[in-house]
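Below are notes on the model, arranged as numbered points.

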Amino acid sequence: SEQIHTDSSKMQKTESITISLPAEEAEQLRGNISFEVHDRSGNHSSMTDDDRVIIVDSISPKLEAKYSKARVMNASSLIDAPYDENDRHDFNLYYEDEAVVTFSIKEANFYPEKYIVKVNNMFEENEANVDWKYLGNDTWTGEVKITGDGDYYVTLQYVNDRFEDDLVDSDGTPIKDDNTAPFYRSPKIVVDNTDPEIEVSYEPSDASANEIYFDGARKAIVTIKEHNFRADDVVVNVTAKDIQGKELDTFEYIEKNHVENPEEKTYIVKEYRENAVLRSNWYYLDKDGKPTEDINEADNPDIHVAEIQFDNNARYTLEINYRDLAGNDAAEYKSAEFVVDKVNPSDLKIEYSDHKNCWEEILHDITFGYYSYNPSVEVTITATDEIAGVDYFSWKYEREENASESNVDILTSEQIHTDSSKMQKTESIT
């Protein structure tokens, strides 16, 4: 200050003055008051008040929060989206490993105890021990690291009092996520280090004696165990072929892009159209093991179930792949080939050998075909099955009614199996 003189017309031994620290000149003060006093004879004394620190702080602390690289998705639609801190509650951040939240606070009068940082998940709330570091220019920074599977929110509460302004963001907008105190809350942070699990069971589960063959429809029951589940990420590929390997029109196929990773690289898969139905028909299991679409009735909301029906005649294989929202891949499921064939073998034929000489031809003609000199007759039996293939033949000979009893009455065969290593739709035996 300038020299502040007393009123010389008042002859008194004790004098005092009152000073005001103008806010327009000193928005930020933190220090001690000292003064000197001079008498009219030229003597002087001085004093510094070391017991009290005067703080004037009319500038709000500015907070900026940053997040380590994550997969960012809209919280309601679960569609990839660019992150916007101003609308942070509209987003979920997905991490395959550790998540790091970095707070930066610009404040001249920084007291760490005034900033309470907590990490909340669905089970508990813990105060974080933040190691605040000074970067210069009145700026302090601290990190919060989150590990372990879970859904988290990080909060920062500024413990305000009546002499201080609110916590503001980098644009100067007050941060108030509740009505009681300045309060910052992060978007939902999801840490997921666990690979999804795919299990498939079938109804009926047991095939016929031929191991992979079914004479009726078959149903696959697909179960995926995953906390951060999105049905659109289930990739199902079904092949349906005949016995010769020709693809059948049992399923209508479409090409669809699938996001491979957060860097927006894509690949194209060929999947059957019914997969769209599969996406919309996932359900949970209640405590009695019965299907329910209500997550509140689910015995375990991380268990997701869907069904694939194999009604048409074909030789099938089923492949299922799944990557969760954090980027963890399930082990690929790939079935062995199985066959659904509800149609009987067709195009049955019987052909006879014809090796008679001229005399035998005359006898054959004058006896109207009843004479056959050959001691044996070769008969070729043929059948077609386009899906399962012919497994075996069995044949039977019966004497014609009213024929001589000297003829053989009945001949029968054992089962005569075809060569299973030859995948052909038409088989014959002689």
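1. S186 is buried, with a relative accessible area of 0%. Here buried means under 20% relative accessible area, exposed means over 50%, and partly exposed is in between, with a 1.4 Å probe and protein chains only. S186 sits in the loop between β15 (183–185) and β16 (188–191). Strands are DSSP runs of E with at least two residues, numbered from the N terminus. Leaving aside residues up to four places away in sequence, S186 touches Y67, R88, H89, Y153 and V154, where contact means heavy atoms within 4.5 Å.

2. On provenance: this is a predicted model, in which local features need pLDDT of at least 70, side-chain atom pairs count only at pLDDT 80 or more, and totals for chains, interfaces and linings use all residues. Residues are numbered from 1 along each chain as its sequence is written, and side-chain values use heavy atoms, with hydrogens and water left out.

3. Salt bridges are counted where a side-chain nitrogen of Lys or Arg lies within 4 Å of a carboxyl oxygen of Asp or Glu. By this rule there are 13 salt bridges. One of the contacts of S186, R88, forms a salt bridge with E85, with the closest N and O atoms 3.8 Å apart. R88 is buried at 11% relative accessibility, whereas E85 is partly exposed at 23%.

4. D151 and K188 also form a salt bridge, the closest N and O atoms being 3.8 Å apart. This pair links distant parts of the chain: D151 is in strand β13 (residues 150–158) and K188 is in strand β16, 37 residues apart. D151 is buried, with a relative accessible area of 11%; K188 counts as partly exposed at 24%.

5. The side chains of D80 and R71 meet in a salt bridge of 2.8 Å, N to O. R71 counts as buried at 9% relative accessibility, while D80 counts as partly exposed at 24%.

6. Which residues are linked in a network of salt bridges? The network consists of E203, K219 and E307. E203 is also joined to P204 by a cis peptide bond, with omega about -5°. P204 is found in the loop between β17 (197–203) and β18 (213–214).

7. Strand β17 belongs to an open sheet of three strands in the order β17-β19-β25, with antiparallel pairing. Two strands pair if DSSP finds at least two bridges between them. The edge strands are β17 and β25 (303–310), each pairing on one side only. The twist averages 20° from one strand to the next, the axes being lines fitted to C-alpha atoms and the angles running from 0 to 180 degrees between N-to-C directions. Strand β17 runs antiparallel to β19 (residues 218–225), and seven bridges join them. Within β19, T223 is the bridge partner of E199.

8. A further open sheet of three strands has the order β29-β30-β35, again with antiparallel pairing. Its edge strands are β29 (346–352) and β35 (426–429), each of which pairs on one side only. Neighbouring strands of this sheet are turned by 15° against each other on average, direction ignored. Strand β30 (residues 379–384) pairs with β35 in the antiparallel sense over four bridges. In β35, E427 is the bridge partner of A383.

9. Two residues other than glycine are worth a check for positive phi. D347, in strand β29, has phi near 55°. D347 counts as exposed at 51% relative accessibility. D138 has a positive phi of about 60° and lies in the loop between β11 (133–136) and β12 (139–146). D138 is partly exposed, with a relative accessible area of 33%.

10. What makes up the nonpolar surface patch of about 440 Å²? The patch is made by I4, I17, I19, L21 and I33. Residues in patches have over 30% relative accessible area and no salt bridge; like charges are joined within 9 Å and nonpolar side chains (Val, Leu, Ile, Met, Phe, Trp, Tyr) within 5 Å. Areas come from the Shrake-Rupley method with a 1.4 Å probe, and for residues only the protein chains shown count as cover. I17 lies in the segment before β1 (28–31).
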